[in-house]
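Thank you for making time this morning.

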Amino acid sequence: MLRPRIPTNPLPTITTAPTLIPTAVMEPAPVAPPPAPVPAPASSTAGLRLTPAALVTTAVAGAGVVLVVGAVLVSMLLAVAITAVSVAVCAVVLRSLLTSTRNR
C-alpha cells in the first residue's frame, strides 16, 4: 500500500523529420552587386541650435526637475527616519512595561 510506484515511460513523442537526399545539384544564381549609397544632402544646420529663450527655458526646466526629484527623495528619507524613531520609541515603551511587570 505504501510502496512507491515507478511510472512507466510511454513511447517517445518526439518525431524526427526524414532526411532528404538531394538528387540534383543546384547552382547558385549570380548575385548583382548592391547599388552604391547615395550621399545625403548637406544640411544647412550643423547641429541643434537653441535660441536664447529656448536655452533659458531648458535650464529652468532642468533645475525644476532636479528640485522636484530632490524634494521627493528627501521626503522619503524623512518618512523612513520618522518611522524608525517611532518603532524605537515603541520598543523602549514595551521593554519598560515588560520589565516593570517582572519586578513587581
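Accessible areas here come from the Shrake-Rupley method with a 1.4 Å probe, and for residues only the protein chains shown count as cover. This is a predicted model, in which local features need pLDDT of at least 70 and side-chain atom pairs count only at pLDDT 80 or more, while totals for chains, interfaces and linings use all residues. Residues are numbered from 1 along each chain as its sequence is written, and side-chain values use heavy atoms, with hydrogens and water left out.

The chain exposes about 10800 Å², of which carbon and sulfur atoms supply 74%. Of its 104 residues, 0% are buried, where buried means under 20% relative accessible area, exposed over 50%, and partly exposed in between. The secondary structure comes to one helix and zero strands, taking helices as DSSP runs of H or I with at least four residues and strands as E runs of at least two, numbered from the N terminus.

Helix 1 covers residues 52–103 and includes V72, which counts as partly exposed because its relative accessibility is 41%. V72 also belongs to a nonpolar surface patch with V65, V68, V69, L73 and M76.

S96 lies in helix 1 as well, and is partly exposed because its relative accessible area is 40%. A polar atom of the S96 side chain sits 2.8 Å from the backbone oxygen of V93.

Note on methods. Patches are made of residues with over 30% relative accessible area and no salt bridge: like charges are joined within 9 Å, nonpolar side chains (Val, Leu, Ile, Met, Phe, Trp, Tyr) within 5 Å. A salt bridge is a side-chain nitrogen of Lys or Arg within 4 Å of a carboxyl oxygen of Asp or Glu. Buried means under 20% relative accessible area, exposed over 50%, partly exposed in between (1.4 Å probe, protein chains only). A polar contact is a pair of N or O atoms within 3.5 Å; within protein, one must be able to donate a hydrogen and the other to accept it, and residues adjacent in sequence count only if both atoms are side-chain atoms.
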